[in-house]
Amino acid sequence: MYKKQLIILTLCSFFIGKNVFAQQKPLVLWYDKPAQIWEETLPLGNGKLGMTPDGGIAKENIVLNDITLWSGGKQDANNYDAYKSLPKIRQLILEGKNDEAQELVNRDFVCKGQGSGGATWGKYQTLGNLQLDYEYPGVKEVKPAVYKRTLSLDKAVATTEFTLNGVRYKREYFCSFDDDVDVIRITADQPKKLNCNISISRPEKATLATQGNDLLMFGQLDNGTDGKGMKYMSRVSTKIKDGSVSTDGNILKIKDATEIIVYVAAETDFKHADFEARVKNVLQEAKNKVYAEELAKHSANFGKLFNRLKINLGEGESAKLPTDVRLDHFYKDYKNDVSLSALFFQFGRYLSISSTRVGLLPPNLQGLWAKEINTPWNGDYHLDVNVQMNHFAIEPANLSELNLPLAELVRNLTTHGAKTAKAYYNADGWIAHVITNVWGFTEPGESASWGASNAGSGWLCSNLWDHFAYSRDLKYLKSIYPILKGSAAFYQSALVEDPKTGWLVTSPSVSPENTFYLPNGKTASISMGPTIDSQIVRELFNNVITAAKLLKVDAAFSASLQEKLKSIPPVGVISKDGRIQEWLEDYKETDPQHRHISHLYGVYPAGLITPVSTPALAEAAKKTLEVRGDDGPSWSISYKQIFWARLQDGNRAFKLFREILKPTLRTDINYGAGGGVYPNMLSAGPPFQIDGNFGATAAIAEMLIQSHDGFIELLPAIPDAWKAFGEIKGLKARGNFTVDMNWKDGKITAYKIASATPQKVKVKINGKLSTITSVKL
Ligand code: FUC
């Protein structure tokens, strides 16, 4: 024992003494040609505004976004008579007539109206397009000699540079983290070479106008009832050096300039009744600033979050290649590009910082980068994995406060969710089912097969808890406690007893989006007690009990949850063929490779099934994953990467990581195999869906550090590919520990575990468990 401690102390002090760290490889995506398709454009965002410039030489298109721009509106789609059908639905399920129960659910137990298919429900939509048409007088063929497009992840700036006819042109783009504006600076290395027509457009609901030399675009989206939905305003203005600026119709014409700075501001009335004035003011403030100051403040503000974590895994030959070529190489020969893993991890962190901000909205299915009006799946918030996955990496990746927008979205669901709980289950507390939007929708979806999941609100509470588990912020815990308690109260009052086992289970519900065969050969999705629901209930009740104790409240309520916990089904039941059973009954699924793997919720995020605490169930989880296979939409592949990391098979997790990085240009709506990555490193469901990026980011974190099993483990699932060498600074572990570490040949050679005040903490390093005292942060 003494020897072990000595080794650890030696490692620890070695590290502190040398203070090595952490030489990151260049964090740049780059390309040697303009983007031909949106999936090659580079995403910029400041948590509210987004831009994806394509870097076109003669014609440049920049898709614009504002994360608050939603069609649809508030509605009450609760069927207040639904609860009357509940006894019958439950009875049919008990009789094994799930197909008949499903018919009844479809009739009485779905939302009223068109649900997510209706205009009231709404969509997250693009703000529009900024078009820059360049003229190069005297140039016959617009074919540059050199061309480079970049995105710097640590500066949050994109560039386009090329030489044409002996003139070097440069564009710099950023969504400012200082003023709330998009900024594009266009320069040439010879005077008066810039000629450009600038316009702004939107496929619908847009009025164009000019005011002085500013372009305006404004409108009102459809709310599905009286047409008077969300209002927005965007404004484009410029600052030029030399030359002239004028308007021609709704086009801004710039002639013979040496430098052009384009500013775009946008605002909606989602939060601000004075959105029009705000747009004007913010634009003026930005224009009043010296460009270099705006840029420096932007990168500094962004860097406050981004620079908290540094990672270096070494580098390979392929790192020199343009990113799209590099991705092609990686899939075939990953050994030549170890730094791509680190780049992809940092890209995930970059995307989080760029697509959400405290006080606003969480990233939706597309983060905030939607290029169209009819965004896939409405660009909304899916609650049966997707929005939760968008937040999986936030805590370990040291971006803790970026979990708060989700907590606010969830807080805003509770009032309406309480009505839904009463309407459908005659139950206490609040529930949200499988989809939501900025309008606070909590009703079941419009179809039983996917819409009746009971897991949504409970799973959201797990995300909310996570922020506390990592931050140990009691003030935050106090603020979310009513949300957690309300969710637990729902399950507590809605659970029913399964007469066969005596277990308390949800009914009716579904195992997200999956379908099974009944013994009579018919198929159904509706069942009682799908495994995910029971795992969520167990996790939630335990969290609420812990929270109540910490906050010294609700002793009686806690005791009642403790009592119910005795009858919650075990964390997993092993099926006849050795897998984790997905439903209460050992049904055969209609699609054994189904993308959702909800019954492994107990592995991740819940940590109820682990190789240490439940080895037999961990083996059954592996078998489950083997049968599901390694393909699927990108979010599903990354979830499997996370599971393998939790099951501590680093090489298998890495194999899934390679699948996530399988290059594709597919953009069809995919539910099956074929997920991968686009040239711009955004994840391809297909189509583009950001959860694959965030899921893989979380999976990489889980391969490097885990802290869910009562101790902090360093390198719990390191693949051979990363073993040779690595250094990382600023990972987070539960308990608000900040972890730095170096390794060689897969073994930790130095580490530091720091916290605000030194405290005892259990750690597992190089396979050995011990208790150490953390150092002061
Ligand atoms: C869930 C998934 C789909 C898709 C959609 C946005 O319903 O089953 O694959 O990711 O969300």
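1. **A proline in a loop.** Pro508 sits in the loop between strand 21 (504-505) and strand 22. Helices and strands here are DSSP runs, numbered from the N terminus; a helix is H or I over at least four residues, and a strand is E over at least two. The peptide bond leading from Ser507 into Pro508 is cis, with omega near -5 degrees.

2. **Before you read on.** You are looking at a predicted model, where local features need pLDDT of at least 70 and side-chain atom pairs count only at pLDDT 80 or more, while totals for chains, interfaces and linings use all residues. Residues are numbered from 1 along each chain as its sequence is written, and side-chain values use heavy atoms, leaving out hydrogens and water.

3. Pro605 belongs to the loop between strand 24 and helix 16 (615-628). As background, most peptide bonds are trans.

4. **Positive phi angles.** Most residues other than glycine have a negative phi. Asp554 is not a glycine, yet its phi is positive, about 55 degrees. You will find Asp554 in the loop between helix 14 (531-551) and helix 15 (555-565). Asp745 is not a glycine either, and its phi is positive at about 45 degrees. Asp745 lies in the loop between strand 30 (737-744) and strand 31 (747-755).

5. **Are these two aspartates buried or exposed?** Asp554 counts as partly exposed because its relative accessibility is 26%. Asp745 counts as exposed because its value is 61%.

6. Strands of a sheet pair through backbone hydrogen bonds, either parallel or antiparallel. Here, three strands make an open, antiparallel sheet in the order 23-22-24. Strand 23 (523-524) and strand 24 (588-589) are the edges, each pairing on one side only. To count as a pair, two strands need at least two bridges found by DSSP. Strand 22 (residues 516-517) is joined to strand 24 by two bridges, and Phe516 has Glu589 as its bridge partner in strand 24.

7. The whole structure holds 47 salt bridges, each a side-chain nitrogen of Lys or Arg within 4 Å of a carboxyl oxygen of Asp or Glu. In one of them, the side chains of Asp214 and Arg235 meet at 3.0 Å, N to O. This pair links distant parts of the chain, with Asp214 in strand 12 (residues 214-220) and Arg235 in strand 13 (residues 231-241), 21 residues apart. Both Asp214 and Arg235 are buried. Within helix 9 (residues 404-411), Glu408 and Arg411 are three residues apart, about one turn of the helix. Their salt bridge has its closest N and O atoms 3.2 Å apart. Glu408 is partly exposed at 35%, and Arg411 is partly exposed at 26%.

8. Asp631 and Lys662 form a salt bridge whose closest N and O atoms are 3.7 Å apart. Asp631 is in the loop between helix 16 and helix 17 (634-646) and Lys662 in the loop between helix 18 (650-660) and strand 25 (676-677), so the pair ties together parts that are 31 residues apart in sequence. Asp631 is partly exposed at 30%, whereas Lys662 counts as buried at 17%. Salt bridges with shared partners connect Glu626, Asp630, Asp631, Arg652, Lys655, Glu659 and Lys662 into one network.

9. **The ligand.** Which residues are around the ligand? They are Leu365, Trp377, His382, Asn386, Glu513, Arg595, His596, Trp635 and Gln689, where a residue qualifies if one of its heavy atoms lies within 4 Å. An N or O atom in the side chain of His382 is 3.0 Å from a ligand oxygen. A polar side-chain atom of Arg595 is 2.8 Å from an oxygen atom of the ligand. For Gln689, an N or O atom of the side chain is 2.8 Å from a ligand oxygen. A polar contact is a pair of N or O atoms within 3.5 Å.

Conventions. Buried means under 20% relative accessible area, exposed over 50%, partly exposed in between (1.4 Å probe, protein chains only). A polar contact is a pair of N or O atoms within 3.5 Å; within protein, one must be able to donate a hydrogen and the other to accept it, and residues adjacent in sequence count only if both atoms are side-chain atoms.
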